[in-house]
Amino acid sequence: MKDLTKLFINGLWVEPQSKQTLDVINPSNENVVAKVANSNVDDVNLAVAAAKSAFDDWSLTPATERSKIINNIATRMEERKAELITAVSQTMGCPEHIAGWLQVDGPIEGMTLFADKAHLTEQIKDAGSSLIIKEAAGVCAFINPWNYPLHQFVGKVGAALAAGCTMVVKPSEQTPWQDYIMAEIFVECGLPAGVFNLVPGLGAVVGEALCRHIDVDVVSFTGSTHAGIKVAQAAAPTVKRVTQELGGKSPFIITDDADLTAAIKYGVEDVMLNSGQTCTALTRMLVPQSKYTEAVALAKSCAESLVVGNNENAFLGAMSSKAQQQRVLEYIRIGVEEGAELICGGLESPLVEQPGFYVAPTIFAGVNNNMRIAREEIFGPVLCMIPYQDLDEAITIANDTPFGLSSGVYANDEASAISIARKIRAGQCYINGAFFNYLAPFGGYKQSGNGREFADIGVEEFLETKAIQRG
Ligand code: NAD
(Lines give C-alpha, C1' and ligand atoms only; values in the text may rest on other atoms or scores of the structure.)
Protein backbone atom coordinates (compact mmCIF):
# COMPACT_ATOMS: atom_id res chain seq x y z
CA MET A 1 0.00 0.00 0.00
CA LYS A 2 1.29 3.46 -0.92
CA ASP A 3 2.13 5.74 2.00
CA LEU A 4 1.06 9.31 1.16
CA THR A 5 0.80 10.49 4.74
CA LYS A 6 3.49 13.19 4.64
CA LEU A 7 3.01 16.70 3.37
CA PHE A 8 5.39 18.56 1.06
CA ILE A 9 6.04 21.97 2.60
CA ASN A 10 8.96 24.34 2.00
CA GLY A 11 10.88 21.75 -0.04
CA LEU A 12 10.67 19.02 2.62
CA TRP A 13 8.50 15.98 3.33
CA VAL A 14 7.04 16.75 6.75
CA GLU A 15 4.75 15.05 9.24
CA PRO A 16 1.33 16.72 9.22
CA GLN A 17 0.01 18.56 12.27
CA SER A 18 -3.11 16.48 11.82
CA LYS A 19 -2.64 12.83 12.74
CA GLN A 20 -5.61 11.68 10.66
CA THR A 21 -5.40 9.80 7.40
CA LEU A 22 -7.85 8.91 4.64
CA ASP A 23 -8.06 5.66 2.67
CA VAL A 24 -7.60 5.91 -1.09
CA ILE A 25 -9.67 3.18 -2.77
CA ASN A 26 -8.89 1.58 -6.12
CA PRO A 27 -12.35 1.69 -7.74
CA SER A 28 -11.49 -1.17 -10.13
CA ASN A 29 -11.19 -3.72 -7.31
CA GLU A 30 -12.28 -1.85 -4.13
CA ASN A 31 -8.89 -2.40 -2.43
CA VAL A 32 -7.27 0.32 -0.34
CA VAL A 33 -4.38 1.40 -2.56
CA ALA A 34 -2.96 4.21 -0.41
CA LYS A 35 -3.29 6.12 2.83
CA VAL A 36 -3.16 9.89 2.48
CA ALA A 37 -2.82 12.66 5.03
CA ASN A 38 -6.05 14.31 6.08
CA SER A 39 -4.51 17.73 6.76
CA ASN A 40 -5.92 20.42 9.00
CA VAL A 41 -5.92 24.22 9.14
CA ASP A 42 -2.52 24.33 10.90
CA ASP A 43 -1.03 22.41 7.97
CA VAL A 44 -2.61 24.90 5.56
CA ASN A 45 -1.13 27.81 7.51
CA LEU A 46 2.38 26.32 7.37
CA ALA A 47 2.12 25.66 3.63
CA VAL A 48 0.83 29.16 2.85
CA ALA A 49 3.62 30.68 4.96
CA ALA A 50 6.19 28.69 2.96
CA ALA A 51 4.67 29.82 -0.35
CA LYS A 52 4.60 33.41 0.84
CA SER A 53 8.25 33.45 1.89
CA ALA A 54 9.36 31.86 -1.41
CA PHE A 55 7.42 34.37 -3.52
CA ASP A 56 9.86 37.30 -3.70
CA ASP A 57 12.76 35.22 -5.03
CA TRP A 58 10.76 33.02 -7.39
CA SER A 59 8.74 35.86 -8.91
CA LEU A 60 12.00 37.70 -9.70
CA THR A 61 13.78 34.61 -11.06
CA PRO A 62 14.56 35.29 -14.75
CA ALA A 63 12.08 33.79 -17.22
CA THR A 64 14.85 31.74 -18.89
CA GLU A 65 15.58 30.04 -15.56
CA ARG A 66 11.90 29.31 -14.83
CA SER A 67 11.45 28.07 -18.37
CA LYS A 68 14.43 25.70 -18.00
CA ILE A 69 13.01 24.21 -14.80
CA ILE A 70 9.57 23.70 -16.39
CA ASN A 71 11.20 21.95 -19.36
CA ASN A 72 13.15 19.69 -17.02
CA ILE A 73 9.94 18.88 -15.15
CA ALA A 74 8.28 17.82 -18.43
CA THR A 75 11.29 15.62 -19.26
CA ARG A 76 11.15 13.92 -15.86
CA MET A 77 7.39 13.40 -16.27
CA GLU A 78 8.12 11.54 -19.49
CA GLU A 79 10.79 9.46 -17.73
CA ARG A 80 8.43 8.64 -14.85
CA LYS A 81 5.39 8.22 -17.06
CA ALA A 82 4.71 4.60 -16.06
CA GLU A 83 4.44 5.62 -12.39
CA LEU A 84 2.14 8.52 -13.25
CA ILE A 85 -0.12 6.19 -15.24
CA THR A 86 -0.30 3.71 -12.36
CA ALA A 87 -1.06 6.48 -9.88
CA VAL A 88 -3.95 7.87 -11.93
CA SER A 89 -5.33 4.53 -13.04
CA GLN A 90 -5.33 2.90 -9.61
CA THR A 91 -7.04 5.81 -7.89
CA MET A 92 -9.69 6.89 -10.40
CA GLY A 93 -10.35 3.70 -12.34
CA CYS A 94 -9.34 4.56 -15.91
CA PRO A 95 -7.75 1.42 -17.45
CA GLU A 96 -3.95 1.79 -17.75
CA HIS A 97 -3.81 1.52 -21.55
CA ILE A 98 -6.23 4.46 -21.84
CA ALA A 99 -4.81 6.43 -18.91
CA GLY A 100 -1.47 6.58 -20.77
CA TRP A 101 -2.66 8.61 -23.73
CA LEU A 102 -5.71 10.21 -22.11
CA GLN A 103 -4.49 11.12 -18.64
CA VAL A 104 -0.70 11.43 -18.89
CA ASP A 105 0.59 12.13 -22.43
CA GLY A 106 -1.51 15.29 -22.73
CA PRO A 107 -0.38 16.77 -19.39
CA ILE A 108 3.27 16.17 -20.34
CA GLU A 109 2.66 18.12 -23.55
CA GLY A 110 0.84 20.79 -21.53
CA MET A 111 3.77 21.15 -19.13
CA THR A 112 6.21 21.43 -22.04
CA LEU A 113 4.13 24.21 -23.59
CA PHE A 114 4.19 26.23 -20.34
CA ALA A 115 8.00 26.44 -20.56
CA ASP A 116 7.51 28.80 -23.52
CA LYS A 117 5.16 31.06 -21.56
CA ALA A 118 7.54 32.22 -18.80
CA HIS A 119 8.64 35.11 -21.03
CA LEU A 120 5.18 36.72 -20.62
CA THR A 121 6.44 38.20 -17.35
CA GLU A 122 9.23 40.05 -19.17
CA GLN A 123 7.21 41.68 -21.92
CA ILE A 124 7.01 45.47 -21.66
CA LYS A 125 4.47 47.44 -23.67
CA ASP A 126 4.55 51.18 -24.31
CA ALA A 127 1.24 53.05 -23.92
CA GLY A 128 1.83 56.77 -24.30
CA SER A 129 3.71 57.88 -21.20
CA SER A 130 3.23 54.50 -19.52
CA LEU A 131 5.05 51.21 -19.45
CA ILE A 132 2.71 48.23 -19.07
CA ILE A 133 4.19 45.17 -17.42
CA LYS A 134 2.86 41.85 -16.15
CA GLU A 135 3.95 40.46 -12.80
CA ALA A 136 3.31 37.29 -10.82
CA ALA A 137 -0.03 37.62 -8.97
CA GLY A 138 1.21 36.12 -5.69
CA VAL A 139 0.50 33.02 -3.64
CA CYS A 140 -1.98 30.69 -5.35
CA ALA A 141 -4.23 27.97 -3.94
CA PHE A 142 -5.16 25.14 -6.28
CA ILE A 143 -8.08 22.80 -5.59
CA ASN A 144 -8.58 19.88 -7.96
CA PRO A 145 -11.10 17.10 -8.66
CA TRP A 146 -10.45 13.41 -9.38
CA ASN A 147 -11.48 12.90 -12.99
CA TYR A 148 -8.34 14.11 -14.82
CA PRO A 149 -6.09 14.66 -11.82
CA LEU A 150 -2.76 15.15 -13.62
CA HIS A 151 -4.27 17.29 -16.38
CA GLN A 152 -5.87 19.61 -13.84
CA PHE A 153 -2.65 19.73 -11.81
CA VAL A 154 -0.62 20.77 -14.86
CA GLY A 155 -3.17 23.35 -16.03
CA LYS A 156 -2.75 25.19 -12.75
CA VAL A 157 0.77 24.42 -11.53
CA GLY A 158 2.48 24.69 -14.94
CA ALA A 159 0.81 28.04 -15.60
CA ALA A 160 1.66 29.39 -12.15
CA LEU A 161 5.31 28.32 -12.45
CA ALA A 162 5.51 30.12 -15.80
CA ALA A 163 3.93 33.21 -14.21
CA GLY A 164 6.40 33.22 -11.30
CA CYS A 165 3.79 32.46 -8.64
CA THR A 166 4.19 30.21 -5.62
CA MET A 167 1.48 27.80 -4.60
CA VAL A 168 -0.30 25.37 -2.29
CA VAL A 169 -2.06 22.45 -3.97
CA LYS A 170 -4.94 20.40 -2.60
CA PRO A 171 -5.67 17.34 -4.74
CA SER A 172 -8.95 15.48 -4.55
CA GLU A 173 -8.96 13.20 -1.50
CA GLN A 174 -9.69 10.37 -3.97
CA THR A 175 -6.69 10.94 -6.27
CA PRO A 176 -3.67 12.42 -4.49
CA TRP A 177 -0.99 9.94 -5.65
CA GLN A 178 0.24 11.62 -8.88
CA ASP A 179 0.69 14.91 -6.99
CA TYR A 180 3.21 13.13 -4.71
CA ILE A 181 5.17 11.95 -7.76
CA MET A 182 5.10 15.49 -9.13
CA ALA A 183 6.48 16.84 -5.84
CA GLU A 184 9.37 14.36 -6.12
CA ILE A 185 9.94 15.49 -9.71
CA PHE A 186 10.07 19.13 -8.57
CA VAL A 187 12.82 18.23 -6.08
CA GLU A 188 14.71 16.33 -8.81
CA CYS A 189 14.47 19.36 -11.09
CA GLY A 190 15.72 21.87 -8.52
CA LEU A 191 12.52 23.86 -8.00
CA PRO A 192 13.34 26.18 -5.07
CA ALA A 193 11.88 25.30 -1.66
CA GLY A 194 8.47 26.81 -0.92
CA VAL A 195 7.46 27.43 -4.55
CA PHE A 196 5.29 24.31 -4.55
CA ASN A 197 3.55 22.93 -1.45
CA LEU A 198 1.22 19.95 -1.22
CA VAL A 199 -1.51 19.68 1.44
CA PRO A 200 -4.05 16.91 0.80
CA GLY A 201 -7.28 16.72 2.76
CA LEU A 202 -10.97 17.40 2.67
CA GLY A 203 -12.53 20.21 0.67
CA ALA A 204 -14.55 21.52 3.60
CA VAL A 205 -11.37 21.77 5.74
CA VAL A 206 -8.25 22.28 3.61
CA GLY A 207 -10.04 23.71 0.57
CA GLU A 208 -12.08 26.16 2.60
CA ALA A 209 -9.07 27.25 4.72
CA LEU A 210 -7.07 27.98 1.56
CA CYS A 211 -9.92 30.04 0.12
CA ARG A 212 -10.25 32.08 3.32
CA HIS A 213 -6.52 32.55 3.96
CA ILE A 214 -5.49 36.21 4.01
CA ASP A 215 -2.10 35.45 2.37
CA VAL A 216 -3.55 33.60 -0.61
CA ASP A 217 -3.96 35.96 -3.57
CA VAL A 218 -5.48 33.68 -6.23
CA VAL A 219 -7.67 30.59 -6.00
CA SER A 220 -8.02 28.31 -8.99
CA PHE A 221 -10.67 25.66 -8.51
CA THR A 222 -11.83 22.80 -10.71
CA GLY A 223 -14.80 20.74 -9.63
CA SER A 224 -18.56 20.84 -9.30
CA THR A 225 -20.55 24.03 -9.68
CA HIS A 226 -21.88 23.48 -6.15
CA ALA A 227 -18.39 23.50 -4.56
CA GLY A 228 -17.22 26.23 -6.96
CA ILE A 229 -19.84 28.59 -5.55
CA LYS A 230 -18.70 27.84 -1.99
CA VAL A 231 -15.11 28.52 -3.02
CA ALA A 232 -16.04 31.92 -4.45
CA GLN A 233 -18.04 32.78 -1.32
CA ALA A 234 -15.16 31.82 0.99
CA ALA A 235 -12.69 33.85 -1.09
CA ALA A 236 -14.87 36.96 -1.37
CA PRO A 237 -14.12 38.63 2.01
CA THR A 238 -10.41 38.82 1.15
CA VAL A 239 -11.11 39.92 -2.46
CA LYS A 240 -9.11 37.15 -4.08
CA ARG A 241 -9.07 36.49 -7.75
CA VAL A 242 -11.01 33.23 -8.30
CA THR A 243 -10.85 31.03 -11.36
CA GLN A 244 -13.54 28.35 -11.62
CA GLU A 245 -13.56 25.39 -14.00
CA LEU A 246 -16.92 23.76 -13.30
CA GLY A 247 -19.44 21.34 -14.72
CA GLY A 248 -21.15 20.97 -18.07
CA LYS A 249 -24.04 19.44 -20.00
CA SER A 250 -22.67 19.89 -23.45
CA PRO A 251 -24.68 19.63 -26.68
CA PHE A 252 -23.55 17.84 -29.82
CA ILE A 253 -25.41 18.92 -32.97
CA ILE A 254 -25.38 16.45 -35.84
CA THR A 255 -26.61 18.11 -39.02
CA ASP A 256 -28.80 16.30 -41.55
CA ASP A 257 -26.02 16.28 -44.17
CA ALA A 258 -23.35 14.87 -41.81
CA ASP A 259 -21.81 11.41 -42.11
CA LEU A 260 -24.20 9.88 -39.55
CA THR A 261 -22.19 6.74 -38.81
CA ALA A 262 -18.98 8.69 -38.16
CA ALA A 263 -20.80 11.34 -36.13
CA ILE A 264 -22.57 8.80 -33.91
CA LYS A 265 -19.38 6.81 -33.27
CA TYR A 266 -17.56 10.01 -32.31
CA GLY A 267 -20.42 11.19 -30.08
CA VAL A 268 -20.91 7.87 -28.26
CA GLU A 269 -17.19 7.35 -27.65
CA ASP A 270 -16.82 10.94 -26.47
CA VAL A 271 -19.42 10.37 -23.74
CA MET A 272 -18.20 6.91 -22.73
CA LEU A 273 -14.49 7.82 -22.55
CA ASN A 274 -13.23 7.98 -18.96
CA SER A 275 -16.54 6.28 -18.06
CA GLY A 276 -18.38 9.52 -18.75
CA GLN A 277 -16.44 11.41 -16.10
CA THR A 278 -15.35 14.22 -18.40
CA CYS A 279 -16.55 17.75 -17.78
CA THR A 280 -16.63 18.48 -21.54
CA ALA A 281 -18.52 15.26 -22.44
CA LEU A 282 -21.06 15.85 -25.23
CA THR A 283 -23.91 14.30 -23.26
CA ARG A 284 -26.84 15.80 -25.19
CA MET A 285 -26.79 14.46 -28.73
CA LEU A 286 -29.09 16.50 -30.99
CA VAL A 287 -30.19 14.56 -34.07
CA PRO A 288 -32.49 15.62 -36.95
CA GLN A 289 -35.93 14.03 -36.53
CA SER A 290 -35.66 12.53 -40.04
CA LYS A 291 -32.54 10.58 -39.03
CA TYR A 292 -33.51 9.86 -35.43
CA THR A 293 -34.48 6.16 -35.68
CA GLU A 294 -31.36 5.34 -37.66
CA ALA A 295 -29.20 7.36 -35.26
CA VAL A 296 -30.58 5.57 -32.19
CA ALA A 297 -29.85 2.16 -33.75
CA LEU A 298 -26.30 3.20 -34.64
CA ALA A 299 -25.69 4.61 -31.15
CA LYS A 300 -26.98 1.43 -29.49
CA SER A 301 -24.72 -0.82 -31.52
CA CYS A 302 -21.73 1.46 -30.93
CA ALA A 303 -22.30 1.58 -27.16
CA GLU A 304 -22.83 -2.17 -26.93
CA SER A 305 -19.52 -2.78 -28.70
CA LEU A 306 -17.58 -0.96 -25.96
CA VAL A 307 -15.94 -3.24 -23.40
CA VAL A 308 -16.24 -2.44 -19.69
CA GLY A 309 -13.53 -3.60 -17.30
CA ASN A 310 -9.93 -3.12 -16.30
CA ASN A 311 -7.99 -4.90 -19.00
CA GLU A 312 -6.34 -3.90 -22.30
CA ASN A 313 -9.61 -4.37 -24.22
CA ALA A 314 -11.67 -2.16 -21.95
CA PHE A 315 -12.90 1.22 -23.18
CA LEU A 316 -14.73 2.03 -19.94
CA GLY A 317 -13.16 1.46 -16.55
CA ALA A 318 -14.82 1.65 -13.15
CA MET A 319 -16.54 4.77 -11.91
CA SER A 320 -14.18 6.70 -9.66
CA SER A 321 -15.98 5.71 -6.44
CA LYS A 322 -18.97 3.87 -5.08
CA ALA A 323 -20.65 7.22 -4.40
CA GLN A 324 -20.18 8.23 -8.05
CA GLN A 325 -21.51 4.86 -9.23
CA GLN A 326 -24.61 5.25 -7.04
CA ARG A 327 -25.14 8.82 -8.20
CA VAL A 328 -25.08 7.72 -11.85
CA LEU A 329 -27.44 4.81 -11.19
CA GLU A 330 -29.82 7.21 -9.45
CA TYR A 331 -29.87 9.40 -12.58
CA ILE A 332 -30.62 6.32 -14.69
CA ARG A 333 -33.59 5.63 -12.39
CA ILE A 334 -34.70 9.25 -12.77
CA GLY A 335 -34.46 9.00 -16.58
CA VAL A 336 -36.71 5.94 -16.62
CA GLU A 337 -39.19 7.65 -14.26
CA GLU A 338 -39.24 10.75 -16.46
CA GLY A 339 -40.33 8.59 -19.38
CA ALA A 340 -37.14 8.51 -21.41
CA GLU A 341 -36.57 5.30 -23.37
CA LEU A 342 -33.68 3.17 -22.13
CA ILE A 343 -31.96 1.92 -25.28
CA CYS A 344 -29.01 0.12 -23.72
CA GLY A 345 -27.12 -0.17 -20.43
CA GLY A 346 -29.08 0.66 -17.32
CA LEU A 347 -29.05 -0.29 -13.68
CA GLU A 348 -27.49 -3.71 -13.90
CA SER A 349 -23.74 -3.88 -13.37
CA PRO A 350 -21.92 -5.05 -16.50
CA LEU A 351 -19.45 -7.01 -14.33
CA VAL A 352 -21.57 -8.60 -11.60
CA GLU A 353 -19.02 -11.34 -10.97
CA GLN A 354 -16.22 -9.08 -9.78
CA PRO A 355 -15.70 -6.19 -7.36
CA GLY A 356 -15.39 -2.61 -8.65
CA PHE A 357 -17.76 0.26 -9.26
CA TYR A 358 -18.82 -0.34 -12.86
CA VAL A 359 -21.71 1.14 -14.87
CA ALA A 360 -22.71 -0.06 -18.34
CA PRO A 361 -22.67 2.39 -21.26
CA THR A 362 -26.21 3.74 -21.15
CA ILE A 363 -28.28 5.55 -23.77
CA PHE A 364 -31.63 7.24 -23.41
CA ALA A 365 -33.73 8.06 -26.49
CA GLY A 366 -36.94 10.08 -26.55
CA VAL A 367 -35.36 12.66 -24.27
CA ASN A 368 -36.65 16.20 -24.17
CA ASN A 369 -34.47 19.03 -22.98
CA ASN A 370 -36.61 19.74 -19.90
CA MET A 371 -35.96 16.36 -18.31
CA ARG A 372 -33.54 16.33 -15.38
CA ILE A 373 -31.30 13.86 -17.25
CA ALA A 374 -30.93 16.53 -19.95
CA ARG A 375 -30.41 19.48 -17.59
CA GLU A 376 -28.19 18.13 -14.79
CA GLU A 377 -24.64 16.89 -15.04
CA ILE A 378 -24.69 13.12 -14.47
CA PHE A 379 -20.93 12.59 -14.81
CA GLY A 380 -21.22 9.00 -15.93
CA PRO A 381 -21.55 6.96 -19.15
CA VAL A 382 -25.05 8.19 -19.93
CA LEU A 383 -25.97 9.71 -23.29
CA CYS A 384 -29.25 11.56 -23.96
CA MET A 385 -30.46 11.58 -27.58
CA ILE A 386 -32.76 14.51 -28.38
CA PRO A 387 -34.54 14.95 -31.73
CA TYR A 388 -34.82 18.36 -33.46
CA GLN A 389 -36.87 19.65 -36.40
CA ASP A 390 -34.54 22.24 -37.91
CA LEU A 391 -31.18 23.81 -37.22
CA ASP A 392 -32.62 26.85 -35.45
CA GLU A 393 -34.35 24.54 -32.99
CA ALA A 394 -31.12 22.55 -32.52
CA ILE A 395 -29.23 25.73 -31.63
CA THR A 396 -31.99 26.83 -29.26
CA ILE A 397 -31.90 23.45 -27.47
CA ALA A 398 -28.08 23.51 -27.43
CA ASN A 399 -28.10 26.87 -25.64
CA ASP A 400 -31.00 26.01 -23.32
CA THR A 401 -28.79 24.96 -20.40
CA PRO A 402 -27.34 26.67 -17.34
CA PHE A 403 -23.90 25.43 -18.46
CA GLY A 404 -21.56 26.54 -21.23
CA LEU A 405 -18.39 24.50 -21.03
CA SER A 406 -18.23 22.66 -24.30
CA SER A 407 -20.17 21.70 -27.41
CA GLY A 408 -19.77 19.81 -30.65
CA VAL A 409 -20.97 19.98 -34.24
CA TYR A 410 -20.74 17.32 -36.92
CA ALA A 411 -21.62 18.70 -40.34
CA ASN A 412 -20.86 17.92 -43.94
CA ASP A 413 -18.24 20.65 -44.24
CA GLU A 414 -16.07 22.75 -41.97
CA ALA A 415 -17.55 26.12 -42.96
CA SER A 416 -21.09 25.18 -41.95
CA ALA A 417 -19.80 23.53 -38.75
CA ILE A 418 -17.96 26.75 -37.84
CA SER A 419 -21.01 28.87 -38.55
CA ILE A 420 -23.07 26.70 -36.14
CA ALA A 421 -20.22 26.70 -33.59
CA ARG A 422 -20.33 30.51 -33.49
CA LYS A 423 -23.97 30.41 -32.38
CA ILE A 424 -23.37 28.12 -29.39
CA ARG A 425 -22.71 29.79 -26.02
CA ALA A 426 -19.86 27.63 -24.78
CA GLY A 427 -16.13 27.96 -24.19
CA GLN A 428 -15.24 25.35 -26.78
CA CYS A 429 -16.78 23.67 -29.76
CA TYR A 430 -15.37 20.46 -31.22
CA ILE A 431 -16.23 20.27 -34.91
CA ASN A 432 -16.19 17.21 -37.18
CA GLY A 433 -14.44 14.82 -34.81
CA ALA A 434 -11.90 17.11 -33.12
CA PHE A 435 -9.98 16.32 -29.93
CA PHE A 436 -8.56 18.37 -27.04
CA ASN A 437 -5.76 20.74 -28.05
CA TYR A 438 -3.27 21.93 -25.41
CA LEU A 439 -2.45 25.02 -27.50
CA ALA A 440 -6.00 26.34 -27.10
CA PRO A 441 -7.54 28.09 -24.07
CA PHE A 442 -9.95 25.99 -22.01
CA GLY A 443 -12.84 27.20 -19.85
CA GLY A 444 -16.56 27.78 -19.61
CA TYR A 445 -19.36 30.28 -20.17
CA LYS A 446 -22.31 30.71 -17.80
CA GLN A 447 -22.34 28.35 -14.77
CA SER A 448 -19.45 26.35 -16.20
CA GLY A 449 -17.01 28.80 -14.69
CA ASN A 450 -14.81 31.83 -14.95
CA GLY A 451 -11.37 32.08 -16.46
CA ARG A 452 -9.32 29.97 -18.82
CA GLU A 453 -6.60 27.36 -18.53
CA PHE A 454 -3.69 26.65 -20.93
CA ALA A 455 -2.37 28.92 -23.71
CA ASP A 456 -1.21 32.50 -22.95
CA ILE A 457 -4.53 33.39 -21.30
CA GLY A 458 -4.13 30.45 -18.90
CA VAL A 459 -0.88 32.00 -17.63
CA GLU A 460 -2.38 35.49 -17.50
CA GLU A 461 -4.84 34.21 -14.87
CA PHE A 462 -1.80 34.22 -12.56
CA LEU A 463 -0.40 37.61 -13.62
CA GLU A 464 -1.17 41.11 -12.41
CA THR A 465 -0.89 44.10 -14.74
CA LYS A 466 1.07 47.15 -13.64
CA ALA A 467 1.18 50.54 -15.37
CA ILE A 468 4.36 52.49 -14.66
CA GLN A 469 3.51 56.10 -15.44
CA ARG A 470 6.52 58.09 -16.61
CA GLY A 471 6.88 61.81 -15.86
P1 NAD B 1 -16.10 18.47 -6.15
O2 NAD B 1 -16.58 19.82 -6.42
O3 NAD B 1 -16.83 17.62 -5.19
O4 NAD B 1 -14.60 18.51 -5.59
C5 NAD B 1 -13.57 19.17 -6.29
C6 NAD B 1 -12.51 19.59 -5.31
O7 NAD B 1 -13.05 20.60 -4.47
C8 NAD B 1 -12.02 18.48 -4.38
O9 NAD B 1 -10.64 18.63 -4.16
C10 NAD B 1 -12.82 18.76 -3.10
O11 NAD B 1 -12.15 18.27 -1.95
C12 NAD B 1 -12.86 20.27 -3.11
N13 NAD B 1 -13.95 20.88 -2.36
C14 NAD B 1 -15.17 20.37 -2.12
N15 NAD B 1 -15.89 21.23 -1.38
C16 NAD B 1 -15.12 22.32 -1.16
C17 NAD B 1 -15.31 23.55 -0.46
N18 NAD B 1 -16.44 23.84 0.16
N19 NAD B 1 -14.30 24.44 -0.45
C20 NAD B 1 -13.14 24.17 -1.10
N21 NAD B 1 -12.90 23.02 -1.75
C22 NAD B 1 -13.89 22.11 -1.79
O23 NAD B 1 -15.98 17.79 -7.59
P24 NAD B 1 -15.52 16.32 -7.94
O25 NAD B 1 -16.65 15.41 -7.63
O26 NAD B 1 -14.18 16.05 -7.36
O27 NAD B 1 -15.32 16.46 -9.53
C28 NAD B 1 -16.36 16.36 -10.42
C29 NAD B 1 -16.84 17.74 -10.87
O30 NAD B 1 -15.75 18.48 -11.40
C31 NAD B 1 -17.83 17.65 -11.99
O32 NAD B 1 -18.89 18.55 -11.74
C33 NAD B 1 -17.06 18.11 -13.22
O34 NAD B 1 -17.81 18.66 -14.25
C35 NAD B 1 -16.13 19.09 -12.64
N36 NAD B 1 -14.96 19.27 -13.50
C37 NAD B 1 -14.81 20.43 -14.21
C38 NAD B 1 -13.73 20.59 -15.06
C39 NAD B 1 -13.53 21.85 -15.83
O40 NAD B 1 -12.39 22.11 -16.21
N41 NAD B 1 -14.53 22.65 -16.10
C42 NAD B 1 -12.79 19.60 -15.18
C43 NAD B 1 -12.97 18.43 -14.45
C44 NAD B 1 -14.06 18.28 -13.60
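A residue is termed buried when its relative accessible area is under 20%, exposed when over 50%, and partly exposed in between (1.4 Å probe, protein chains only). The model is predicted, so local features need pLDDT of at least 70 and side-chain atom pairs count only at pLDDT 80 or more, whereas totals for chains, interfaces and linings use all residues. Residues are numbered from 1 along each chain as its sequence is written, and side-chain values use heavy atoms, with hydrogens and water left out.

Helices (H or I, at least four residues) and strands (E, at least two) are DSSP runs numbered from the N terminus. Helix 1 comprises 19 residues, 41-59, and should span 27 Å at 1.5 Å a residue; its end C-alpha atoms lie 26 Å apart, in agreement. The expected span is 1.5 Å times one less than the number of residues. Among the buried residues of helix 1 are Val44, Ala47, Phe55 and Trp58.

Aromatic pairs are considered next. Rings of Phe, Tyr and Trp (its six-membered ring) pair if their centres lie within 6.5 Å; planes under 30 degrees apart count as stacked, over 60 as edge-to-face and the rest as tilted. The structure holds 17 such pairs. The rings of Phe8 and Phe196 have centres 6.1 Å apart and planes at 40 degrees, so this pair is tilted. Because Phe8 lies in strand 2 (residues 7-9) and Phe196 in strand 10 (residues 196-198), the pair ties together parts 188 residues apart in sequence. Both residues are buried.

Phe436 and Phe442 also form a tilted pair, 5.6 Å centre to centre with 55 degrees between the planes. Phe436 is partly exposed at a relative accessible area of 32%, whereas Phe442 is buried at 7%.
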